[in-house]
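Thanks for making the time this morning.

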Amino acid sequence: MPSLDEYARAKLSSLEQRQLRRTLVETDRQDGAIAYRDGRRMVSFSCNDYLNMSHHPDVVRAATEATARYGVGSGASRLITGNHPLFRELEGRLARLKGAEDACVFGSGYLANLGIIPTLMGPEDLILADEWSHSCILAGGAISKARQFVFRHNDVDHVEELLAEHRAAHPRALIVTDGVFSMDGDMAPVPALADVADKYDAWLMTDDAHGVGVIGGGRGSTHATGAQGRVPLQMGTLSKAIGGYGGYLCAAEPVIDLMRTRSRTFIYSTGLPPAAAAAAIAAIDVIERDPEYVALPMAKAGLFAELVGLPAPESCIVPIVLGDPARTLAASKMLEDEGYIVTAIRPPTVPDGTARLRFTFTAGHEDSDVRRLAEIVLDRVLA
Ligand SMILES: *Cc1c(COP(=O)(O)O)cnc(C)c1O
């Protein structure tokens, strides 16, 4: 057996040869999608802070006041140390925003999926997940030990085929998908999935990490696709458009009560800092009172797509697939030299052969930057 260090070094150098090694780049994020690297001012098109809530004055104030009043940590799991009233308020606000009876907040979106899915599904059950689902959906399915199949991306006929073949052998079935796909920016066919879920008596769960705050008037993919009332499990994160940190599930009261009493990532993980709850409440206030602001990221994404000749985007994520990791890294480096942060997305985050530049648009981007970026992309990436 190699030593631990030798093992790690060999693994890293093999990844490096395939252009798949990842490194952290020191970056100081500021308001309005501005970021400093090595003292250089850059504009970031690689940030999920779609509404710039991380720097919104109301949100920062709410977090600062909550920290001053309640301290930085929450002390223990909410079941052990007691539930901070801010959590109760936040859960009520999330439920209202998503049109659900109740909500349950988790430590992060990743932890939410690791907690929700195994609470509902066990070894005798059936899970069907879109092949492009986020890593934590598939991980939640694996932890549940249910029989898990992936269906071809957004292919409702394939879902139906799998249900026709396997549904009868399992007491419960769950269809789960990203509402907005994180690396492609397209939306799931939510109403059609709800139809097939009804037909085969399956539950439907959507992960709306990239939907809430930006589409459907800020209410996410269920609303954007006209599927209100048809998605019994609406999961999401507080870490993207909501600007801070945390994850959640919106569902009917008994489902949420079951999460609070059985979900392991809820029970055995410390509650979010009070500041995270206060910040999320303030961000939801902004989302609910300012629809024009909420519409901005989609408008910027639409402008960029139009300028580079892509179809109108369904979210504020616009990918340009280049295929080869080395070519993608070179394009990303060229854009960085021009002052734009556009991270290269490589396998295994995306399938082999589909390395890409992934552009995300936020309320804080200036149209002039979007236009200049599109020009450079047209001249030097797509030419
Ligand atoms: C980012 C993301 C998550 C994880 O959420 P965090 O709060 O960052 O842990 C889950 N699902 C999808 C689709 C995501 O894009």
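Let me begin with a question: does C104 count as buried or exposed? Before I answer, please keep in mind that this is a predicted model. C104 counts as buried, because its relative accessibility is 0%. C136 is buried as well, with a relative accessible area of 2%.

Turning to the domains, the chain is divided into domain 1, which covers 19–48 + 295–380, and domain 2, which covers 58–289. Their centres, taken over C-alpha atoms, are separated by 27 Å, and 14 residues of domain 1 are in contact with 14 residues of domain 2.

The size of an interface is often given as the accessible area lost when the parts come together. Here domain 1 and domain 2 bury about 1,100 Å² between them, with 61% of that on carbon and sulfur atoms. On the domain 1 side, N48, E314 and I317 lose the most area to domain 2, and together they account for 45% of what that side buries. Across this interface the rule finds one salt bridge.

Now to the packing. The largest nonpolar core has 67 residues, of which F304, L335 and F359 touch the most other members. Helix 12, residues 274–289, gives the most to this core, contributing 12 residues, and the core draws at least three residues from each of domain 1 and domain 2. If we leave aside neighbours within four places in sequence, F304 is in contact with V318, I320, F359, F361, V370, L373, A374 and V377. Apart from this core lies another, of 22 residues, among them A173, V196, A202 and A227.

P2 counts as partly exposed, because its relative accessibility is 44%, and its C-alpha atom is separated by 50 Å from that of L86, 84 residues away along the chain.

How values were computed
Residues are numbered from 1 along each chain as its sequence is written. This is a predicted model: local features need pLDDT of at least 70, side-chain atom pairs count only at pLDDT 80 or more; totals for chains, interfaces and linings use all residues. Side-chain values use heavy atoms; hydrogens and water are left out. Buried means under 20% relative accessible area, exposed over 50%, partly exposed in between (1.4 Å probe, protein chains only). A nonpolar core is a set of buried Ala, Val, Leu, Ile, Met, Phe, Trp, Tyr and Cys residues joined through side-chain atoms within 4.5 Å. Helices (H or I, at least four residues) and strands (E, at least two) are DSSP runs, numbered from the N terminus. Domain bounds come from an automatic or database domain assignment. Contact means heavy atoms within 4.5 Å. Buried area is the accessible area (1.4 Å probe) that two parts lose on being put together, summed over both. A salt bridge is a side-chain nitrogen of Lys or Arg within 4 Å of a carboxyl oxygen of Asp or Glu.
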